[in-house]
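Subject: Handing over the structure

Hi there,

Here is the structure I promised to pass on to you. My notes on what I found in it follow below.

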Amino acid sequence: MGHDLKYQKNGQKINNKHPLYHFKRQVWNSNVDQYPAVIFECKSVDDVIGAIHYANENGLKITVRGGGFHPAGKSVKDNAVLVDLSHMNDVHIDEISRIATIGAGAKISEVDEVTQEYGLAVPLGMVSCIGVSGLALGGGIGYLRGKYGLTSDSVVGVHLITGQGEHIYVNKFHHPELFWAIRGAGQNFGVVTKFEMKLYPVAQHILAIDVIYDYKDLQQILEKVEKYRQTAVDDISFHLAFFYGDNAKPYIRLVGMYDGELNLKVEKEIIQPLLELAIPIADNTEIMTYIEMQKKFDSWVGDSFAVEGISLFFHELTNEMIQLLIEECESTEFSLHVTILEFHGKMNRISEYETAFTIRDANYLLIIDAETRKNQEAANKWVYDLYEKLLPYSYKQASYLNSSQENEEVIRNSYKCILARLVALKMAYDPENLFCSERKLLD
Ligand SMILES: Cc1cc2nc3c(=O)[nH]c(=O)nc-3n(C[C@H](O)[C@H](O)[C@H](O)COP(=O)(O)OP(=O)(O)OC[C@H]3O[C@@H](n4cnc5c(N)ncnc54)[C@H](O)[C@@H]3O)c2cc1C
């Protein structure tokens, strides 16, 4: 218990005798029940370096926890050293250069609160309780994606501690190949302790679009969404969500954000079409602050959840694919959250070669999360079988790895186009495979 000065100057080393060990090893997905060898609760770069030395000296692998929200619980593993960064959450703004320096343990809300004081924002995710780290290293899809791109697109530099405990600064001039990789496949090469991210102006008040449609209108709605998406302005982004479970009939919820000037023309030509995709059951669209929008779904997320999830990118949502999806979802015993995110605008204009997030011309992302309280093993199998069935319709067989179960095939499929480049980087920066997040890179 207490400080172990050899490895921790400011933070805490928590082993399995510590009263908080079981609390601290938890991650958001309550199915994940892993027993790390030791947890280093770091408060400084020196603490992180100490944790890495400890892992090396004891022949242990390392996992890193930003917010601990990865749905597959990738930040904790049996017998590995868990580097917990949650106390390294400082956020500083340089208003002149419009760069935010963000501690790797920060949550989205902690960043939004500071940046909004300046009328600025980093494009982050759509609930505010999750970690910025995992989000930024794997992509980061939020309401500002059309206007400003992904979270990873706004990263201009990171401080990273390698598996040898070396502190390096990574940007387009220093370690440029690693800079490419940490923006999309960044969980594999070391511990990022600090991000430097571009800031963008965001209105204090935005339009929060929130419409409920009847499920029977799904096909018609998807057709209209595709037409709308093709000419959509960058200022808007939205997704469709539906929930199956509790014997209730699902409904469709269209949620989106418009960050731009509001006038009669905009309301008529840009907003109204989304409110009339079919006859709405309810329309709760309203003006609210950007921070309120970011927090709108936090209460749904909760502290933990038992979940198995998959995701796949699509170029188009064919009738056949949607029919298959509906049949599968309607016939399962599991409660499901299904989300279809549409993509257009800046996130798709960035070259596929610029960062390791290479999926730049997919138009949709489908995310399916099954609640697994009833039977985890069966849920896992159901989710994975559905993944296999949907794979032929998908775009490049790629999944959004930030929102997917950890499975060899899913990872291999998703990294297919860049695998050789990632393996070369892994050999250069983590040849011992200490950071085993995507361990398939070195198999
Ligand atoms: C309820 C919920 C809502 C979500 N909403 C969105 C959304 O709107 N948009 C979106 O794009 N995604 C969303 N996600 C997915 C989200 O991107 C991932 O969960 C992401 O991993 C969260 O980051 P984290 O820091 O909490 O992850 P963690 O679980 O802490 O880490 C995830 C992975 O990154 C590694 N890692 C974390 N920090 C570091 C670091 N500093 N250095 C090196 N490796 C590190 C970990 O080892 C692990 O492999 C959501 C997830 C949940 C559960």
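For the classes used here, Ala, Val, Leu, Ile, Met, Phe, Trp, Tyr, Cys and Pro count as nonpolar, Asp, Glu, Lys and Arg as charged, and the others, Gly among them, as polar. On that basis, the shell around the ligand divides into 15 nonpolar, 18 polar and 2 charged residues.

Before the rest, two notes on the basis of all this. The model is predicted, so to speak of local features pLDDT must be at least 70, and side-chain atom pairs count only at pLDDT 80 or more, while totals for chains, interfaces and linings use all residues. Residue numbers start from 1 along each chain as its sequence is written.

**The ligand**

The ligand is surrounded by 35 residues, where a residue is near a molecule if its C-beta atom, placed from the backbone, lies within 6 Å of it. Gly 66, Gly 67, Gly 125, Gly 131 and Gly 134 are the closest. Two or more residues each come from strand 3 (62-65), helix 4 (132-138) and strand 10 (191-198). Helices (H or I, at least four residues) and strands (E, at least two) are DSSP runs, numbered from the N terminus. Helix 4 supplies the largest share of the shell, 5 residues.

**Domains**

The domain assignment, which is automatic or from a database, gives domain 1 (12-84), domain 2 (91-202) and domain 3 (205-412). Between the C-alpha centres of domain 1 and domain 2 there are 22 Å. Their contact takes 12 residues from domain 1 and 14 residues from domain 2, with two residues in contact if their C-beta atoms, placed from the backbone, lie within 7 Å. On the domain 1 side, helix 2 (residues 45-57) gives the most, with 5 residues. That side has 7 nonpolar, 5 polar and no charged residues.

**The core**

Which residues have the most contacts inside the largest nonpolar core? They are Ala 51, Val 81, Val 83, Ile 209 and Leu 254, in a core of 128 residues. Such a core is a set of buried Ala, Val, Leu, Ile, Met, Phe, Trp, Tyr and Cys residues joined through C-beta atoms within 7 Å. A residue is buried if 20 or more other C-beta atoms lie within 10 Å of its own, exposed if 12 or fewer, and partly exposed in between, with C-beta atoms placed from the backbone. Beyond its neighbours within four places in sequence, Leu 254 touches Ile 209, Val 211, Tyr 213, Phe 238, Leu 240, Leu 274 and Leu 277.

**Strand 18 and its partners**

Strand 18 (residues 336-342) has 5 of its 7 residues buried. It runs antiparallel to strand 13 (residues 236-244), joined by 6 bridges, and antiparallel to strand 19 (residues 364-371), joined by 7 bridges. Strands pair if DSSP finds at least two bridges between them. Ala 241 has Thr 339 as its bridge partner in strand 18, and His 337 has Asp 369 in strand 19.

**Loops**

Asp 246 sits in the loop between strand 13 and strand 14 (251-258). Asp 246 is exposed because 6 other C-beta atoms lie within 10 Å.

His 175 lies in the loop between strand 9 (167-171) and helix 6 (176-182), and is buried, with 21 other C-beta atoms within 10 Å. Gln 397 lies in the loop between helix 13 (376-390) and helix 14 (408-415), and counts as partly exposed, with 18 C-beta neighbours inside 10 Å.

Best wishes
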